[in-house]
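Biologist: Could you take me through this structure step by step, as I have not looked at it before?

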Amino acid sequence: MPQDASSTPPQKSADQPTVQEAQGRVIDDTYRSQAEATEPTTTSETVAELDTDGPSSGINGIAFEESEIDTVLVPVHVQPPTPPLTPPPAYPRRYVAGLVTFEQLCIFLIYPTTIGIGSLISIVSPPESYFGLRSNFFNVFFVKNGWFWTTITFMVHCIRLRISKPSKLAIRYSLATLWWFLFTQWFFGAPIMDRVFIGTGGQCFVNDPETAPGQERQVHDSWTSFGCKHINGEWAGGHDISGHSFLLTHASLFLWFELLPVIMERGPLLRQINTKIVFMLLALWWWMLLMTGIYFHTFTEKITGWLCGIAESAVIYILVPKNRILTTLVGVPGV
């Protein structure tokens with residue numbers, strides 16, 4: 001029975017490839033091009049050939065979708081990871097009790113140990129020494145101008161550093177200077193150390209030879225130790241915090257913690273003359289603190305001076321680095 005011509009499926013030409021054969025040819029051509037290529041630009045050339053006739057053109061009559069070509073041949077851009085806020089140190093850190101590093105603890109212990117040794121010598125047998133005079137050259141020229149010499153030495157240390165944000169150095173120096181100024185120079189009138197002295201019963205006594213016998217010693221209304229000494233008075237009766245213990249401890253810790261990365265890195269900066277100058281001043285400050293421990297103040301006055309001397313350094317170099325927000329403001333020492 002004859003079949004309806006309209007229901008007969010169209011016959012394919014023998015020369016016309018099937019879809020599967022065309023895809024196989026494309027795959028074979030692609031692998032053959034990759035095998036014969038001597039430069040990594042072969043893939044990009046293949047993409048250019050695909051794009052020559054427009055997004056609808058193909059290979060051997062087989063059309064490809066543009067999205068499929070992009071998915072297969074175009075590499076995906078990878079976003080690099082965001083660097084951490086504070087780069088890891090170039091040296092390993094050994095923490096003691098999870099709070100301070102071993103090196104920081106050793107630096108902190110230098111100064112109470114020095115005060116203790118000096119106080120012990122003063123109890124046993126203090127030797128006669130030029131440094132026992134308040135008018136000795138090192139006390140008058142260096143210690144009395146201690147923060148000036150600390151500032152000069154800190155600048156010598158900073159000029160050779162390779163840090164990217166010097167403003168953080170200025171902030172840490174300003175905070176250290178502010179604490180020294182408030183404690184020894186001015187705190188809305190009398191400095192903190194003098195306010196402690198007056199608050200614990202201290203007064204300024206002066207001798208007046210024109211008064212009746214036995215009443216020569218009069219109380220003066222001076223509110224600062226500087227003003228009392230200016231009129232040749234005697235600053236007595238209260239807890240007189242050792243200004244030397246405070247200054248020498250505070251200045252030394254400031255220099256130590258700023259210099260510590262240079263020491264731990266053990267690089268060329270450690271051998272520079274700048275580092276040697278810092279070490280020279282640190283040695284002088286240590287020696288003058290030992291002399292203070294032997295010849296001046298009571299033990300409790302020296303210890304309270306030391307405690308006030310470590311306060312600012314403990315906050316800036318121990319507590320602040322543990323807070324990410326405060327670290328962005330103050331920074332951490334580096335090289």
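Predicted model: local features only at pLDDT ≥ 70, side-chain atom pairs only at ≥ 80, totals over all residues.

Biologist: To begin with helix 4, which residue does it bend at?

Modeller: Helix 4 runs over residues 102-124 and has 23 residues, and from its first C-alpha to its last it reaches 32 Å, close to the 33 Å expected at 1.5 Å a residue. Along this helix there is a bend of about 25°, with a proline, proline 112, following within four residues of the place, and the residue at the bend is isoleucine 110.

Biologist: What covers the buried residues of helix 4?

Modeller: The buried residues of helix 4 include Glu103, Gln104, Ile107, Phe108 and Tyr111, and also Thr114, Ile115, Gly118 and Ser119. What covers them includes strand 4 (100-101), helix 10, helix 11 (273-295) and helix 12 (299-319).

Biologist: Turning to helix 8, which elements do its buried residues pack against?

Modeller: Helix 8 spans residues 192-199, and Ile192, Met193, Asp194 and Phe197 are buried in it. After the helix comes glycine 201, whose phi is positive, near 100°. The buried residues pack against helix 7 (166-184), strand 5 (203-207), helix 9 (225-230), strand 7 (234-236) and helix 10 (243-265).

Biologist: Which element gives the largest share of the lining of the second largest pocket?

Modeller: The second largest pocket has a volume of about 850 Å³, and of the 27 residues that line it, the closest to its centre are Lys144, Met193, Ser225, Lys229 and Gly243. Two or more lining residues come from each of helix 6 (146-158), helix 7, helix 8, helix 9, strand 7 and helix 10. By class, the lining divides into 10 nonpolar, 11 polar and six charged residues. The largest share of this lining, four residues, is given by helix 9.

Biologist: Which residues line the largest cavity?

Modeller: The structure holds two cavities of 30 Å³ or more, and the largest of them has a volume of about 50 Å³. Its lining has one nonpolar, four polar and one charged residues. The residues that line the largest cavity are Arg134, Asn139, His244, Thr292, Phe296 and His297.

Biologist: For the second largest cavity, which element gives the largest share of the lining?

Modeller: The second largest cavity has a volume of about 40 Å³, and it is lined by Phe131, Asn136, Asn139, His244, Met288, Met291, Thr292 and Phe296. By class, this lining has four nonpolar, four polar and no charged residues. Its largest share, three residues, comes from helix 11.

Biologist: Is arginine 266 buried or exposed?

Modeller: Arginine 266 lies in the loop between helix 10 and helix 11, and it has a positive phi of about 55° although it is not a glycine. Exposed means over 50% relative accessible area. Because the relative accessible area of arginine 266 is 59%, the residue counts as exposed.

Biologist: How does histidine 297 count, and what is its relative accessibility?

Modeller: Histidine 297, one of the residues lining the largest cavity, is found in the loop between helix 11 and helix 12. Although histidine 297 is not a glycine, its phi is positive, at about 65°. Buried means under 20% relative accessible area and exposed over 50%, with partly exposed in between. Since histidine 297 has a relative accessibility of 29%, this residue counts as partly exposed.

Terms used
Residues numbered from 1 in each chain as written. Heavy atoms only, no water. Buried < 20%, exposed > 50% of the residue type's maximum accessible area, 1.4 Å probe, protein only. Contact = heavy atoms within 4.5 Å. Expected span 1.5 Å × (residues − 1). Bend = angle between axes of the 7 residues up to and from the residue. 1 Å grid on protein atoms, 1.4 Å probe; cavity = no way out; pocket = protein on both sides within 12 Å on 5 of 7 lines; lining within 4 Å. Points joined across faces, edges and corners; volume = space filled by probe spheres on them. Nonpolar A, V, L, I, M, F, W, Y, C, P; charged D, E, K, R; others polar.
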